[in-house]
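Let's take a walk through this protein and its ligand. Have the 3D view open as you read.

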Amino acid sequence: MEIFAARESAVRSYCRQWPVLFDRAAGCWLYDEAGRGYLDFFAGAGALNYGHNNPVLKQALLGYLNEDRVVHSLDMYTCAKREFLTVFDELILRPRQLDYRVQFPGPGGANAVEAALKLARKVTGRTEMITFTNAFHGMTLGALSVTGNAFHRRGAGVPLGHATPVPFDQAADGQPPDFQWLERLLTDQGSGLDQPAAVIVETVQGEGGINVARAEWLRDLAGICRRHDVLLIVDDVQMGAGRTGPFFSFETSGVTPDIVCLSKSVSGYGLPMALTLIRDDLDVWAPGEHNGTFRGINPALVTATAALRAYWQDDTLERETTGRSQRITAALSALAESLPGPRPRARGRGMAHGLAFDDGELAAKVSLAAFERGLLVETAGPRGEVVKLMPPLTIADSELDRGLTLLGEAVRVSVRL
Ligand SMILES: Cc1ncc(COP(=O)(O)O)c(C=O)c1O
(Lines give C-alpha, C1' and ligand atoms only; values in the text may rest on other atoms or scores of the structure.)
Protein backbone atom coordinates (compact mmCIF):
# COMPACT_ATOMS: atom_id res chain seq x y z
CA MET A 1 0.00 0.00 0.00
CA GLU A 2 3.04 2.33 0.36
CA ILE A 3 2.83 3.58 -3.23
CA PHE A 4 -0.51 5.29 -2.53
CA ALA A 5 0.85 7.26 0.42
CA ALA A 6 4.07 7.98 -1.46
CA ARG A 7 2.64 9.02 -4.81
CA GLU A 8 -1.09 9.60 -4.82
CA SER A 9 -2.35 13.09 -4.07
CA ALA A 10 -3.60 13.97 -0.60
CA VAL A 11 -6.99 14.60 -2.20
CA ARG A 12 -7.77 10.86 -2.20
CA SER A 13 -10.70 10.18 0.13
CA TYR A 14 -12.81 6.99 -0.13
CA CYS A 15 -9.63 4.91 0.20
CA ARG A 16 -8.98 6.49 3.59
CA GLN A 17 -12.35 5.30 4.80
CA TRP A 18 -11.93 1.80 3.32
CA PRO A 19 -8.16 1.19 3.48
CA VAL A 20 -7.99 -2.16 1.68
CA LEU A 21 -6.86 -3.03 -1.81
CA PHE A 22 -9.93 -3.89 -3.89
CA ASP A 23 -9.35 -6.20 -6.79
CA ARG A 24 -12.35 -8.09 -8.11
CA ALA A 25 -16.05 -7.29 -8.14
CA ALA A 26 -19.29 -9.01 -9.09
CA GLY A 27 -22.89 -7.90 -8.54
CA CYS A 28 -23.14 -6.25 -5.14
CA TRP A 29 -19.79 -7.62 -3.96
CA LEU A 30 -16.30 -6.12 -3.96
CA TYR A 31 -13.36 -8.37 -3.06
CA ASP A 32 -10.04 -7.27 -1.67
CA GLU A 33 -6.69 -8.66 -2.76
CA ALA A 34 -6.87 -11.38 -0.12
CA GLY A 35 -10.31 -12.45 -1.38
CA ARG A 36 -12.40 -11.01 1.46
CA GLY A 37 -15.85 -10.02 0.23
CA TYR A 38 -17.51 -6.66 1.01
CA LEU A 39 -21.19 -6.17 0.42
CA ASP A 40 -21.36 -2.94 -1.56
CA PHE A 41 -24.16 -0.61 -0.39
CA PHE A 42 -22.24 2.31 -1.91
CA ALA A 43 -22.44 1.17 -5.54
CA GLY A 44 -19.97 3.66 -6.98
CA ALA A 45 -21.91 6.56 -5.43
CA GLY A 46 -24.80 5.61 -7.68
CA ALA A 47 -22.78 4.64 -10.77
CA LEU A 48 -23.44 0.92 -10.39
CA ASN A 49 -27.21 0.57 -10.31
CA TYR A 50 -26.98 -2.75 -12.16
CA GLY A 51 -24.09 -4.03 -10.02
CA HIS A 52 -20.41 -4.63 -10.71
CA ASN A 53 -19.50 -6.39 -13.95
CA ASN A 54 -23.12 -7.14 -14.77
CA PRO A 55 -22.81 -10.22 -17.03
CA VAL A 56 -25.33 -9.02 -19.64
CA LEU A 57 -23.57 -5.69 -20.07
CA LYS A 58 -20.14 -7.31 -19.94
CA GLN A 59 -21.07 -9.61 -22.80
CA ALA A 60 -22.09 -6.66 -24.97
CA LEU A 61 -18.90 -4.80 -24.09
CA LEU A 62 -16.58 -7.75 -24.75
CA GLY A 63 -18.29 -8.47 -28.06
CA TYR A 64 -17.84 -4.86 -29.15
CA LEU A 65 -14.16 -4.75 -28.15
CA ASN A 66 -13.38 -8.14 -29.68
CA GLU A 67 -14.59 -6.93 -33.06
CA ASP A 68 -12.28 -3.86 -33.02
CA ARG A 69 -15.21 -1.49 -33.19
CA VAL A 70 -14.57 2.22 -32.64
CA VAL A 71 -13.71 3.13 -29.05
CA HIS A 72 -12.92 6.83 -29.29
CA SER A 73 -14.60 9.21 -31.69
CA LEU A 74 -15.31 12.58 -29.99
CA ASP A 75 -18.79 13.40 -31.32
CA MET A 76 -18.50 11.73 -34.72
CA TYR A 77 -21.37 9.55 -35.84
CA THR A 78 -20.78 5.90 -34.85
CA CYS A 79 -22.89 2.77 -35.00
CA ALA A 80 -22.75 2.54 -31.20
CA LYS A 81 -24.12 6.07 -30.84
CA ARG A 82 -26.85 5.46 -33.41
CA GLU A 83 -27.89 2.34 -31.53
CA PHE A 84 -27.92 4.11 -28.18
CA LEU A 85 -29.95 7.09 -29.41
CA THR A 86 -32.43 4.81 -31.17
CA VAL A 87 -32.98 2.63 -28.10
CA PHE A 88 -33.02 5.59 -25.68
CA ASP A 89 -35.68 7.21 -27.86
CA GLU A 90 -37.70 4.02 -28.14
CA LEU A 91 -37.54 2.73 -24.56
CA ILE A 92 -37.11 5.87 -22.46
CA LEU A 93 -38.19 9.10 -24.19
CA ARG A 94 -41.19 8.12 -26.33
CA PRO A 95 -43.05 6.00 -23.76
CA ARG A 96 -42.78 8.95 -21.36
CA GLN A 97 -43.73 11.51 -24.01
CA LEU A 98 -40.48 13.38 -23.44
CA ASP A 99 -39.28 15.30 -26.45
CA TYR A 100 -35.67 15.96 -25.47
CA ARG A 101 -32.63 16.48 -27.63
CA VAL A 102 -29.64 14.58 -26.30
CA GLN A 103 -26.35 16.36 -25.73
CA PHE A 104 -23.19 14.37 -24.91
CA PRO A 105 -21.40 16.97 -22.81
CA GLY A 106 -18.33 15.07 -21.56
CA PRO A 107 -17.93 12.02 -19.34
CA GLY A 108 -18.94 13.10 -15.81
CA GLY A 109 -21.94 14.45 -13.97
CA ALA A 110 -20.33 17.87 -13.56
CA ASN A 111 -20.00 18.06 -17.36
CA ALA A 112 -23.75 17.54 -17.72
CA VAL A 113 -24.40 20.27 -15.14
CA GLU A 114 -21.98 22.75 -16.74
CA ALA A 115 -23.67 22.28 -20.10
CA ALA A 116 -27.12 22.76 -18.54
CA LEU A 117 -26.11 25.99 -16.78
CA LYS A 118 -24.39 27.41 -19.86
CA LEU A 119 -27.33 26.58 -22.09
CA ALA A 120 -29.89 28.06 -19.68
CA ARG A 121 -27.86 31.29 -19.62
CA LYS A 122 -27.55 31.35 -23.39
CA VAL A 123 -31.26 30.71 -23.98
CA THR A 124 -32.48 33.31 -21.52
CA GLY A 125 -29.70 35.88 -21.78
CA ARG A 126 -29.69 35.96 -17.96
CA THR A 127 -26.93 35.03 -15.51
CA GLU A 128 -28.58 34.10 -12.19
CA MET A 129 -29.45 30.63 -10.91
CA ILE A 130 -31.72 29.57 -8.05
CA THR A 131 -30.24 26.70 -6.05
CA PHE A 132 -31.23 24.77 -2.93
CA THR A 133 -29.67 24.38 0.48
CA ASN A 134 -27.58 21.20 0.65
CA ALA A 135 -27.55 20.80 -3.11
CA PHE A 136 -24.65 18.95 -4.73
CA HIS A 137 -23.91 19.32 -8.42
CA GLY A 138 -20.19 18.59 -8.82
CA MET A 139 -16.71 20.05 -8.51
CA THR A 140 -16.19 22.25 -11.57
CA LEU A 141 -16.62 25.98 -10.98
CA GLY A 142 -20.09 26.31 -12.47
CA ALA A 143 -21.34 23.21 -10.68
CA LEU A 144 -19.74 24.37 -7.42
CA SER A 145 -21.46 27.73 -7.71
CA VAL A 146 -24.82 25.94 -7.39
CA THR A 147 -23.57 23.49 -4.70
CA GLY A 148 -24.21 24.16 -1.01
CA ASN A 149 -21.38 22.42 0.86
CA ALA A 150 -19.02 25.03 2.39
CA PHE A 151 -15.95 22.73 2.36
CA HIS A 152 -16.29 22.06 -1.34
CA ARG A 153 -17.13 25.68 -2.16
CA ARG A 154 -13.96 26.87 -0.39
CA GLY A 155 -11.98 24.56 -2.68
CA ALA A 156 -12.98 26.73 -5.66
CA GLY A 157 -10.38 29.33 -4.70
CA VAL A 158 -12.37 32.07 -6.42
CA PRO A 159 -15.65 33.74 -5.47
CA LEU A 160 -18.62 31.69 -6.60
CA GLY A 161 -21.45 33.89 -7.76
CA HIS A 162 -24.60 34.18 -9.81
CA ALA A 163 -26.52 31.73 -7.63
CA THR A 164 -29.05 32.33 -4.85
CA PRO A 165 -29.84 29.46 -2.45
CA VAL A 166 -33.36 28.93 -1.12
CA PRO A 167 -34.54 26.20 1.33
CA PHE A 168 -34.96 22.68 -0.04
CA ASP A 169 -38.19 20.86 0.79
CA GLN A 170 -38.71 20.66 4.56
CA ALA A 171 -35.34 22.32 5.24
CA ALA A 172 -36.99 25.25 6.98
CA ASP A 173 -39.78 23.38 8.80
CA GLY A 174 -42.42 25.08 6.68
CA GLN A 175 -41.58 28.58 8.04
CA PRO A 176 -42.22 30.55 5.89
CA PRO A 177 -44.48 28.22 3.90
CA ASP A 178 -42.86 26.52 0.88
CA PHE A 179 -41.87 28.95 -1.87
CA GLN A 180 -43.54 31.98 -0.26
CA TRP A 181 -40.12 33.59 0.03
CA LEU A 182 -39.02 32.62 -3.50
CA GLU A 183 -42.29 33.86 -4.98
CA ARG A 184 -41.80 37.15 -3.12
CA LEU A 185 -38.23 37.51 -4.38
CA LEU A 186 -39.35 36.89 -7.94
CA THR A 187 -42.35 39.20 -7.77
CA ASP A 188 -41.10 42.13 -5.73
CA GLN A 189 -39.21 44.56 -7.95
CA GLY A 190 -37.37 45.74 -4.86
CA SER A 191 -36.19 42.27 -3.77
CA GLY A 192 -32.69 42.63 -5.18
CA LEU A 193 -32.90 39.33 -7.04
CA ASP A 194 -32.23 39.68 -10.74
CA GLN A 195 -34.58 37.59 -12.90
CA PRO A 196 -32.94 34.12 -12.88
CA ALA A 197 -32.16 32.00 -15.91
CA ALA A 198 -33.02 28.72 -14.19
CA VAL A 199 -33.66 26.76 -11.04
CA ILE A 200 -31.50 23.65 -10.57
CA VAL A 201 -32.79 20.93 -8.27
CA GLU A 202 -32.28 17.30 -7.22
CA THR A 203 -35.52 15.47 -6.47
CA VAL A 204 -33.68 13.52 -3.77
CA GLN A 205 -30.49 15.13 -2.54
CA GLY A 206 -27.92 12.36 -2.44
CA GLU A 207 -24.72 13.97 -1.19
CA GLY A 208 -26.84 16.42 0.80
CA GLY A 209 -28.00 13.55 3.03
CA ILE A 210 -30.89 11.76 1.27
CA ASN A 211 -33.34 14.64 1.52
CA VAL A 212 -36.47 13.65 -0.35
CA ALA A 213 -38.55 16.33 -2.06
CA ARG A 214 -42.30 15.67 -1.98
CA ALA A 215 -44.11 15.43 -5.30
CA GLU A 216 -46.33 18.41 -4.45
CA TRP A 217 -43.26 20.50 -3.60
CA LEU A 218 -41.74 19.67 -7.00
CA ARG A 219 -45.02 20.53 -8.72
CA ASP A 220 -45.16 23.88 -6.88
CA LEU A 221 -41.57 24.54 -7.94
CA ALA A 222 -42.40 23.76 -11.57
CA GLY A 223 -45.42 26.08 -11.28
CA ILE A 224 -43.29 28.97 -10.02
CA CYS A 225 -40.81 28.40 -12.84
CA ARG A 226 -43.62 28.50 -15.38
CA ARG A 227 -45.24 31.62 -13.94
CA HIS A 228 -41.97 33.52 -13.82
CA ASP A 229 -40.52 32.28 -17.09
CA VAL A 230 -37.59 30.55 -15.37
CA LEU A 231 -36.16 27.28 -16.73
CA LEU A 232 -36.31 24.15 -14.57
CA ILE A 233 -33.19 21.96 -14.55
CA VAL A 234 -33.43 18.60 -12.77
CA ASP A 235 -30.05 17.15 -11.87
CA ASP A 236 -30.75 13.42 -12.08
CA VAL A 237 -27.07 12.45 -12.09
CA GLN A 238 -27.38 10.38 -8.91
CA MET A 239 -31.10 9.62 -8.72
CA GLY A 240 -31.70 8.85 -12.40
CA ALA A 241 -31.45 5.51 -14.21
CA GLY A 242 -33.89 3.87 -11.83
CA ARG A 243 -32.39 4.73 -8.43
CA THR A 244 -35.73 5.96 -7.09
CA GLY A 245 -37.83 3.43 -9.06
CA PRO A 246 -38.77 4.91 -12.45
CA PHE A 247 -36.03 5.72 -14.97
CA PHE A 248 -36.21 9.44 -14.18
CA SER A 249 -36.68 10.43 -10.56
CA PHE A 250 -39.15 13.21 -11.46
CA GLU A 251 -41.61 10.91 -13.25
CA THR A 252 -43.82 10.22 -10.23
CA SER A 253 -44.25 13.95 -9.56
CA GLY A 254 -45.66 14.60 -13.03
CA VAL A 255 -43.18 17.43 -13.53
CA THR A 256 -41.43 17.78 -16.90
CA PRO A 257 -38.13 19.63 -16.56
CA ASP A 258 -36.79 21.84 -19.34
CA ILE A 259 -33.30 20.38 -18.98
CA VAL A 260 -32.20 17.10 -17.33
CA CYS A 261 -28.68 16.07 -16.29
CA LEU A 262 -27.84 12.36 -16.29
CA SER A 263 -24.61 10.47 -15.67
CA LYS A 264 -23.36 7.84 -13.17
CA SER A 265 -25.53 4.76 -13.93
CA VAL A 266 -26.55 5.81 -17.42
CA SER A 267 -23.73 3.71 -18.94
CA GLY A 268 -24.77 0.86 -16.67
CA TYR A 269 -21.30 -0.54 -16.25
CA GLY A 270 -19.48 2.16 -14.33
CA LEU A 271 -18.04 3.53 -17.56
CA PRO A 272 -17.88 7.33 -17.92
CA MET A 273 -20.87 8.80 -19.70
CA ALA A 274 -23.12 11.81 -19.22
CA LEU A 275 -26.11 13.31 -20.99
CA THR A 276 -27.75 16.70 -20.92
CA LEU A 277 -31.32 16.38 -22.14
CA ILE A 278 -32.70 19.55 -23.63
CA ARG A 279 -36.27 20.57 -24.44
CA ASP A 280 -36.31 20.65 -28.22
CA ASP A 281 -36.84 24.39 -28.65
CA LEU A 282 -34.07 25.24 -26.15
CA ASP A 283 -31.35 23.54 -28.18
CA VAL A 284 -29.76 26.78 -29.36
CA TRP A 285 -26.14 25.65 -29.24
CA ALA A 286 -23.94 26.60 -32.17
CA PRO A 287 -22.00 23.58 -33.49
CA GLY A 288 -19.00 22.95 -31.22
CA GLU A 289 -19.89 25.80 -28.87
CA HIS A 290 -19.63 23.35 -25.97
CA ASN A 291 -17.29 20.46 -26.63
CA GLY A 292 -14.80 18.03 -25.08
CA THR A 293 -12.53 15.14 -26.11
CA PHE A 294 -14.42 12.46 -24.23
CA ARG A 295 -18.03 12.75 -25.34
CA GLY A 296 -19.96 9.64 -26.18
CA ILE A 297 -17.25 7.10 -25.29
CA ASN A 298 -18.41 4.18 -27.44
CA PRO A 299 -17.92 1.30 -24.97
CA ALA A 300 -20.08 3.28 -22.53
CA LEU A 301 -22.74 3.75 -25.21
CA VAL A 302 -22.68 0.00 -25.84
CA THR A 303 -23.22 -0.92 -22.19
CA ALA A 304 -25.81 1.86 -21.84
CA THR A 305 -27.79 0.39 -24.74
CA ALA A 306 -27.50 -3.12 -23.30
CA ALA A 307 -28.73 -1.85 -19.92
CA LEU A 308 -31.78 -0.20 -21.50
CA ARG A 309 -32.62 -3.39 -23.38
CA ALA A 310 -32.10 -5.60 -20.32
CA TYR A 311 -33.88 -3.50 -17.71
CA TRP A 312 -36.19 -0.92 -19.31
CA GLN A 313 -38.30 -2.86 -21.83
CA ASP A 314 -40.93 -3.23 -19.11
CA ASP A 315 -41.51 -2.19 -15.51
CA THR A 316 -40.01 -5.25 -13.81
CA LEU A 317 -36.98 -3.46 -12.37
CA GLU A 318 -39.11 -0.50 -11.29
CA ARG A 319 -41.51 -2.80 -9.42
CA GLU A 320 -38.63 -4.69 -7.82
CA THR A 321 -37.08 -1.42 -6.69
CA THR A 322 -40.36 -0.40 -5.08
CA GLY A 323 -40.56 -3.76 -3.28
CA ARG A 324 -36.97 -3.55 -2.06
CA SER A 325 -37.54 0.03 -1.00
CA GLN A 326 -40.32 -1.14 1.31
CA ARG A 327 -38.02 -3.83 2.70
CA ILE A 328 -35.32 -1.24 3.45
CA THR A 329 -37.82 1.24 4.95
CA ALA A 330 -39.24 -1.44 7.26
CA ALA A 331 -35.78 -2.59 8.39
CA LEU A 332 -34.47 0.95 9.01
CA SER A 333 -37.61 2.01 10.89
CA ALA A 334 -37.44 -1.11 13.08
CA LEU A 335 -33.75 -0.51 13.70
CA ALA A 336 -34.33 3.15 14.67
CA GLU A 337 -37.25 2.15 16.95
CA SER A 338 -35.12 -0.45 18.72
CA LEU A 339 -32.51 2.09 19.81
CA PRO A 340 -32.42 4.17 22.98
CA GLY A 341 -32.87 7.91 22.27
CA PRO A 342 -31.90 10.08 20.58
CA ARG A 343 -32.96 7.85 17.70
CA PRO A 344 -31.70 8.24 14.15
CA ARG A 345 -34.29 9.18 11.54
CA ALA A 346 -34.83 6.87 8.58
CA ARG A 347 -35.69 8.39 5.21
CA GLY A 348 -35.43 7.67 1.52
CA ARG A 349 -37.11 6.83 -1.74
CA GLY A 350 -36.64 3.86 -4.03
CA MET A 351 -33.23 2.37 -3.32
CA ALA A 352 -31.70 5.57 -1.91
CA HIS A 353 -32.01 5.56 1.87
CA GLY A 354 -30.44 7.32 4.80
CA LEU A 355 -30.22 6.96 8.54
CA ALA A 356 -29.75 10.45 9.94
CA PHE A 357 -27.91 10.70 13.26
CA ASP A 358 -27.51 13.80 15.37
CA ASP A 359 -23.82 14.12 14.62
CA GLY A 360 -21.30 13.15 12.00
CA GLU A 361 -19.04 11.42 14.51
CA LEU A 362 -21.62 8.76 15.27
CA ALA A 363 -22.43 8.24 11.58
CA ALA A 364 -18.69 7.82 10.87
CA LYS A 365 -18.48 5.20 13.65
CA VAL A 366 -21.38 3.32 12.08
CA SER A 367 -19.72 3.41 8.66
CA LEU A 368 -16.45 2.12 10.16
CA ALA A 369 -18.18 -0.62 12.17
CA ALA A 370 -20.04 -1.65 8.99
CA PHE A 371 -16.76 -1.81 7.06
CA GLU A 372 -15.23 -4.01 9.77
CA ARG A 373 -18.18 -6.36 9.29
CA GLY A 374 -17.77 -6.41 5.51
CA LEU A 375 -20.38 -3.81 4.50
CA LEU A 376 -19.62 -0.61 2.57
CA VAL A 377 -21.84 2.35 3.46
CA GLU A 378 -20.76 5.97 3.12
CA THR A 379 -21.85 9.04 5.03
CA ALA A 380 -23.49 12.13 3.55
CA GLY A 381 -25.10 15.38 4.66
CA PRO A 382 -23.55 18.75 5.59
CA ARG A 383 -21.92 17.32 8.74
CA GLY A 384 -21.56 13.76 7.44
CA GLU A 385 -24.37 12.83 9.83
CA VAL A 386 -26.33 10.56 7.48
CA VAL A 387 -25.41 6.92 6.85
CA LYS A 388 -26.31 6.46 3.20
CA LEU A 389 -27.55 3.21 1.70
CA MET A 390 -27.49 2.82 -2.08
CA PRO A 391 -27.16 -0.88 -2.94
CA PRO A 392 -27.26 -1.96 -6.59
CA LEU A 393 -30.89 -2.14 -7.77
CA THR A 394 -30.26 -5.72 -8.89
CA ILE A 395 -29.31 -6.97 -5.42
CA ALA A 396 -30.98 -10.22 -4.31
CA ASP A 397 -33.36 -9.98 -1.33
CA SER A 398 -31.11 -12.33 0.67
CA GLU A 399 -28.10 -10.05 0.10
CA LEU A 400 -30.16 -6.99 0.94
CA ASP A 401 -31.29 -8.60 4.21
CA ARG A 402 -27.73 -9.59 5.03
CA GLY A 403 -26.51 -6.03 4.50
CA LEU A 404 -29.34 -4.63 6.64
CA THR A 405 -28.47 -7.10 9.41
CA LEU A 406 -24.81 -6.04 9.28
CA LEU A 407 -25.88 -2.41 9.36
CA GLY A 408 -28.05 -3.12 12.43
CA GLU A 409 -25.05 -4.65 14.22
CA ALA A 410 -22.86 -1.71 13.22
CA VAL A 411 -25.40 0.81 14.51
CA ARG A 412 -25.96 -1.01 17.81
CA VAL A 413 -22.27 -1.37 18.54
CA SER A 414 -21.63 2.30 17.64
CA VAL A 415 -24.48 3.70 19.70
CA ARG A 416 -23.14 1.88 22.75
CA LEU A 417 -19.56 3.08 22.23
C1 LIG B 1 -26.65 15.16 -8.13
C2 LIG B 1 -25.24 15.17 -8.61
N3 LIG B 1 -24.90 15.99 -9.61
C4 LIG B 1 -23.66 16.02 -10.11
C5 LIG B 1 -22.66 15.21 -9.58
C6 LIG B 1 -21.27 15.29 -10.13
O7 LIG B 1 -20.98 14.14 -10.85
P8 LIG B 1 -19.45 13.78 -11.18
O9 LIG B 1 -18.81 13.45 -9.87
O10 LIG B 1 -19.52 12.63 -12.11
O11 LIG B 1 -18.85 14.99 -11.82
C12 LIG B 1 -22.98 14.33 -8.54
C13 LIG B 1 -21.95 13.46 -7.94
O14 LIG B 1 -22.10 12.86 -6.92
C15 LIG B 1 -24.30 14.31 -8.03
O16 LIG B 1 -24.66 13.51 -7.04
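What follows covers the ligand site, one of the sheets and a few salt bridges, all in a predicted model.

## Around the ligand

Start with the ligand. Its neighbours are Gly108, Gly109, Ala110, Phe136, His137, Gly138, Glu202, Asp235, Val237, Gln238 and Lys264. Sorted by class, that shell holds three nonpolar, five polar and three charged residues.

Which atoms come up to the ligand's oxygens? From Gly109, a backbone N or O atom sits 2.8 Å from a ligand oxygen. Gln238 uses its side chain instead, with a polar atom 2.7 Å from an oxygen of the ligand. Lys264 also brings in a polar side-chain atom, at 2.9 Å from a ligand oxygen. As for cover, the ligand on its own has 390 Å² of accessible area, and the protein covers 81% of that.

## A four-stranded sheet

Now over to a sheet. Its four strands run in the order β1-β2-β3-β15, and the sheet is open with mixed pairing. The edges belong to β1 (22-26) and β15 (375-376); each has a single partner strand, so one side of each has no neighbour in the sheet.

Further in, β2 (residues 29-32) pairs with β3 (residues 37-40) in the antiparallel sense, over three bridges.

## Salt bridges across the chain

How many salt bridges are there by the rule used here? The count comes to 25. One of them joins Asp75 to Arg295, with the closest N and O atoms 3.1 Å apart. This pair links distant parts of the chain, 220 residues apart: Asp75 is in the loop between α4 (55-66) and α5 (79-93), while Arg295 is in the loop between β12 (275-279) and α11 (298-311). Arg295 is buried, because its relative accessible area is 9% and the cut-off for buried is under 20%.

Another bridge is formed by the side chains of Glu183 and Arg227, at 2.7 Å from N to O. Glu183 belongs to helix α9 (residues 180-187) and Arg227 to helix α10 (residues 215-227), so the bridge ties together parts 44 residues apart in sequence. Glu183 is partly exposed, with 24% relative accessible area, whereas Arg227 is exposed, at 55%.

## A salt-bridge network

Finally, look at Arg327 and Asp401. They form a salt bridge whose closest N and O atoms are 2.8 Å apart. Arg327 lies in helix α12 (residues 316-337) and Asp401 in helix α14 (residues 397-416), so this pair ties together parts that are 74 residues apart in sequence. Both residues fall in the partly exposed class: Arg327 has a relative accessible area of 35%, and Asp401 is at 29%.

Which residues join up into one network here? Salt bridges with shared partners connect Glu320, Arg324, Arg327, Asp397 and Asp401.

Methods: Residues are numbered from 1 along each chain as its sequence is written. This is a predicted model: local features need pLDDT of at least 70, side-chain atom pairs count only at pLDDT 80 or more; totals for chains, interfaces and linings use all residues. Side-chain values use heavy atoms; hydrogens and water are left out. A salt bridge is a side-chain nitrogen of Lys or Arg within 4 Å of a carboxyl oxygen of Asp or Glu. Helices (H or I, at least four residues) and strands (E, at least two) are DSSP runs, numbered from the N terminus. Buried means under 20% relative accessible area, exposed over 50%, partly exposed in between (1.4 Å probe, protein chains only). Two strands pair if DSSP finds at least two bridges between them. A residue is near a molecule or strand if one of its heavy atoms lies within 4 Å of it. A polar contact is a pair of N or O atoms within 3.5 Å; within protein, one must be able to donate a hydrogen and the other to accept it, and residues adjacent in sequence count only if both atoms are side-chain atoms. Accessible areas come from the Shrake-Rupley method with a 1.4 Å probe; for residues, only the protein chains shown count as cover. Ala, Val, Leu, Ile, Met, Phe, Trp, Tyr, Cys and Pro count as nonpolar, Asp, Glu, Lys and Arg as charged, and the others, Gly among them, as polar.
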